[in-house]
Amino acid sequence: MNTLDVQRTDLTLGVAGTGLMGRGIAQIAAQAGIAVRLFDARAGAAEEARAALAATFAGLAAKGKLSAAAADQATGRLQAMDTLSGLAGCHVVVEAIVENLDAKRELFRSLEAVVDQDCLLATNTSSLPVTAIAAACRVPARVAGFHFFSPVPLMKLVEVIDGLLTAPEVCDALVQLARRCGHQPVRAADTPGFIVNHAGRAYGTEALRILGESIAGVPDVDRILRGSVGFRMGPFELFDAIGLDVSHPVMESIYDQYYQEARYRPSPLTRNRLAAGLLGRKSGQGFYRYVDGRADVPAPAAPPAGPALSIWVSRRDARAHARAVEVLRAAGARLDEGRHPRADSACLVLPTGQDCSSAALEQGLDPARSMALDPLFADLPFAGGHVTLMRNPLTRADVRDAVWAAFGAGARPVSVINDSPGFVAQRVVAMIVNIGCDIAQQGIATPADIDHAVTLGLGYPLGPLALGDALGAATVLKILDGLYDFYRDPRYRASPWLTRRARLAVSLSTPEN
């Protein structure tokens, strides 16, 4: 195929489908100086979209975000077409119709009868195989994925998808077109979920697993992941914002497209809530109840007036021991600083990838006097300072209350959860890192594009591979191995990409004999 110069001044873009996504794509293109032809199969829809975009440009001018001249020029670049043949002569056509494979394939076949031989055809699909769309075309080499995120003018990311039949120069041109429109492109192979929807599987599904095991409730999971790791929204807040009518089918689709890969396994919790109509914010009730559009979130439990027990801190992890002792001492807690705990002291273990029960038994401690503290995230650059404590089934109430009160005496918020290998943040972050590593292992995208796509598309504090670097590959592998040893669930098997890097990191840190 001939290489398209997307910087040409007479570039014309066709947009087929003028719903929310199509309008967003048309807006950024028109603002970038590109002539845009709008088409929609519903009579009058293209003109409605053109008028709505003209109003958008006028509104931006009124707010001082565009000059009046720029708004008029952008509006002048829009044309509403009554028939598909109106897209003849376009250099690129982007499809943004309903997410249905048969409908998209039929549209692309019809487009081929209209556009020139060198016109590039792009699909904005978020979940369908680009290759399956291209295979229905006479010239499949010119078909690629061009996946924007909603709302398009604000979400500056676009995934450029190479189908198996796509000519490389087609995606090269789409990368440049995205940049001309002010967006940041990442390039991905044609696989289920591409980068963002693939990488995002861990956050919600692992949180649902934690909820389903009664390890922690909805508000605490959200508070821990916001406060410990720095996510903008907790997973259940995110489910409610998106709506389970959108998010649950995506979970099922990617799980099925990967032939029931355990890492992407959905939860019956969302299936049941979807059946009950508990969609989230849009239905007034989801994981939270909404009053006047605001979530009714219960206040966190206040630290109890715990008994004045001395607290002994495990020395298994010297750095974590020093941090925990510093926090407790600053809070005025009574410390038992012996090598072994006194008979009347509460015992604090600091496990990575273990539950409180296992850590206490392994260290020869009395489980009834034992609590666990999550030792990770306290001094990482993206950490928020939230304290997570864990009890085991035998932990005495007075021990729980004494440790809780000691940590709650400072300024940091505290959550107390039930026994779990890997706490909450460890589990979720390790799964995020692992799936990101496996995306790299499969060659779906470069490590840089994986991290770039996730931070822009999902708003994570760091991309999955950068999160792995921050914690250390060996630490992430330790968490996953602990989860796998406990559950014997292939969901927690480590990616080869992660395993090799963890082994190499350990090898490089070990002095030669």
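## Basis of the description

The structure is a predicted model, in which local features need pLDDT of at least 70, side-chain atom pairs count only at pLDDT 80 or more, and totals for chains, interfaces and linings use all residues. Residues are numbered from 1 along each chain as its sequence is written, and side-chain values use heavy atoms, with hydrogens and water left out.

## Overall make-up

The protein contains 20 helices and 16 strands. These elements are DSSP runs numbered from the N terminus, helices being H or I of at least four residues and strands E of at least two. Along the principal axes, the C-alpha atoms fill a box of roughly 85 × 60 × 40 Å.

Of the 513 residues, 53% count as buried; buried means under 20% relative accessible area, exposed over 50%, and partly exposed in between, with a 1.4 Å probe and protein chains only. Among contacts (heavy atoms within 4.5 Å) between residues at least 6 apart in sequence, 71% join residues at least 24 apart.

## The eight-stranded sheet

Eight strands form an open sheet with mixed pairing, in the order β3-β2-β1-β4-β5-β6-β7-β8. Two strands pair if DSSP finds at least two bridges between them. At the edges are β3 (78–81) and β8 (184–189), each of which pairs on one side only. On average, neighbouring strands of this sheet are turned by 25° against each other, direction ignored. Axes are lines fitted to C-alpha atoms, for helices over the stretch in contact, and angles run from 0 to 180 degrees between N-to-C directions.

Strand β5 pairs in the parallel sense with β4 over four bridges, and three bridges join β5 (residues 120–123) to β6 (residues 143–148), also in parallel. Val94 stands opposite Ala122 in β5, while Leu121 stands opposite Val143 in β6. In a regular strand the side chains alternate between the two faces of the sheet. In β5, Leu120 and Ala122 point one way and Leu121 and Thr123 the other way, and all are buried.

Helix α1 (residues 20–31) lies across β1 (12–16), β2 (35–39), β3, β4 (92–95) and β6, running at about 170° to β1. Helix α17 (residues 447–458) lies across β7 (157–162) and β8, at about 125° to β8.

## The six-stranded sheet

A further open sheet with mixed pairing has six strands in the order β12-β11-β13-β14-β15-β16. Its edges are β12 (335–336) and β16 (414–417); each has a single partner strand, so one side of each is left without a neighbour in the sheet. Strand β11 (residues 311–313) runs parallel to β12 and is joined to it by two bridges. The bridge partner of Trp312 in β12 is Asp336.

## Helix packing

Two packed helices are described by the angle between their axes and the distance between the axes. The axes of α8 (residues 201–212) and α11 (residues 244–257) come within 11 Å and cross at roughly 105°, which makes α8 roughly perpendicular to α11. Angles under 35 degrees count as roughly parallel, over 145 as roughly antiparallel, 65 to 115 as roughly perpendicular and the rest as oblique. Arg201, Thr205 and Leu208 of α8 meet Val250, Met251 and Ile254 of α11 in this contact.

Helices α16 and α19 (residues 473–487) pack at an angle of about 110° with their axes 9 Å apart, and are therefore roughly perpendicular to each other. Residues making the contact include Ala430 and Asn434 of α16, and Leu480 and Leu483 of α19.

## Two buried residues

Asn434 is found in helix α16 (residues 425–441) and is buried, with a relative accessible area of 0%. Not counting residues up to four places away in sequence, Asn434 touches Arg263, Leu480, Arg493, Ala494, Ser495 and Leu498. A polar atom of the Asn434 side chain lies 2.8 Å from the backbone nitrogen of Ser495.

Arg142 is found in the loop between α5 (130–134) and β6. At 0% relative accessibility, Arg142 also counts as buried. A polar atom of the Arg142 side chain lies 3.1 Å from the backbone oxygen of Gln117. The C-alpha atoms of Arg142 and Arg391 are separated by 58 Å, the two residues being 249 residues apart along the chain.

Notes:
A polar contact is a pair of N or O atoms within 3.5 Å; within protein, one must be able to donate a hydrogen and the other to accept it, and residues adjacent in sequence count only if both atoms are side-chain atoms.
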